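Let's walk through this model together, starting with the overall fold and ending with a few local details. Keep the viewer open as you read.

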Amino acid sequence: MWAQAAPPYQPHKKECAVFSKLSAEFIGTFWLVLGGCGSAVLAAAFPAVGIGLLGVSLAFGLTVLSGAYALGPISGGHFNPAVSVGLWAGGRFPGTLLFPYTVAQVLGGIAGAAVLYLIASGRADFSLAGGFASNGYGAHSPGEYSLAAGLVCEVVMTFMFLIVILGTTHERSPAGFAGLAIGLGLTLIHLISIPVTNTSVNPARSTATAVFVGGWAVQQLWLFWLAPVIGAAIAGFVYKAAFEGSVEEPPVTGRPGK
């Protein structure tokens, strides 16, 4: 008999799983930047039919919502270094994956901004002087809000974003609805904070556009790493300490004693 042929070489399953997760984070962050920032750059003020602040806010929410359902089963659907930090602080994510996830997210965001740049520069009057949807404070805040206002806004908004994520993905929550709540939560965050900082709550999103604008956008980028990471970490620790344990059955409205 012929000797049985050796099976073809296959990478370790764990390595394959990590590669899939990082690929999903890359694509998801690519989609978030292209969809969210793309709506701001291409459609927000389009003559006569611009989508405005409401449309841009909804676009960011829709990118996260669609990405969460499409890619969440693979990587968890973070698409944001601050989300990864918050989930780690909440005991939901291993620290060993924090750096690889962050790299994949930042690279995916830059790739999304690159595609957006190629599209946007197709207009003869295109200029990066408009900010390219970058985040900023002071003179570069849409509403000229101060550094202090931007810091508080970004910390609090990211804190609440992580509370929504941690709560809707908890085992007590109804299965299948987390993506919807998270997407709508991000929409609300943008409705509140676009006038203040142009809304970051996501260091990868901020880095992606700042790389192309350079100058002031890169100089102010530190805030949009520091504030979201702080807000996310606080949320993770708070949720784990205050809400992660077992709870009694929640009361039902209109049924005293239940």
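A contact here means heavy atoms within 4.5 Å. With that in hand, look at how the chain meets itself: of the contacts in the protein with a separation of 6 or more, 78% are between residues 24 or more positions apart.

Before going further, a word on the ground rules. This is a predicted model, in which local features need pLDDT of at least 70 and side-chain atom pairs count only at pLDDT 80 or more, while totals for chains, interfaces and linings use all residues. Residues are numbered from 1 along each chain as its sequence is written, and side-chain values use heavy atoms, with hydrogens and water left out.

The score pLDDT is the predictor's confidence in each residue, from 0 to 100. Its average over the protein is 91, and 90% of the residues reach at least 70. Residues 1–9 are another matter: pLDDT stays under 50 there, and the model has zero contacts beyond four places in sequence for them.

What is the protein built from? It has nine helices and zero strands, where helices (H or I, at least four residues) and strands (E, at least two) are DSSP runs, numbered from the N terminus. Of its 258 residues, 44% count as buried; buried means under 20% relative accessible area, exposed over 50%, and partly exposed in between (1.4 Å probe, protein chains only). The accessible surface comes to about 13,300 Å², and carbon and sulfur atoms hold 70% of that. Such areas come from the Shrake-Rupley method with a 1.4 Å probe, and for residues only the protein chains shown count as cover.

Leu-147, Trp-222, Leu-226, Ile-230, Ile-234, Val-238 and Phe-243 make a nonpolar patch of about 570 Å². Nonpolar side chains (Val, Leu, Ile, Met, Phe, Trp, Tyr) are joined within 5 Å, like charges within 9 Å. Helix H9 (residues 223–242) gives the largest share, four residues. Leu-226 is found in H9, and it counts as partly exposed because its relative accessible area is 40%.

Finally, visit the loop between helix H6 (178–197) and helix H7 (203–213), where Asn-198 lies. Asn-198 has a positive phi of about 75 degrees, although it is not a glycine. Thr-199 lies in the loop between H6 and H7 as well, and its phi is also positive, near 60 degrees. Is Thr-199 buried or exposed? Thr-199 counts as buried, because its relative accessibility is 0%.

Technical notes:
Patches are made of residues with over 30% relative accessible area and no salt bridge: like charges are joined within 9 Å, nonpolar side chains (Val, Leu, Ile, Met, Phe, Trp, Tyr) within 5 Å. A salt bridge is a side-chain nitrogen of Lys or Arg within 4 Å of a carboxyl oxygen of Asp or Glu.
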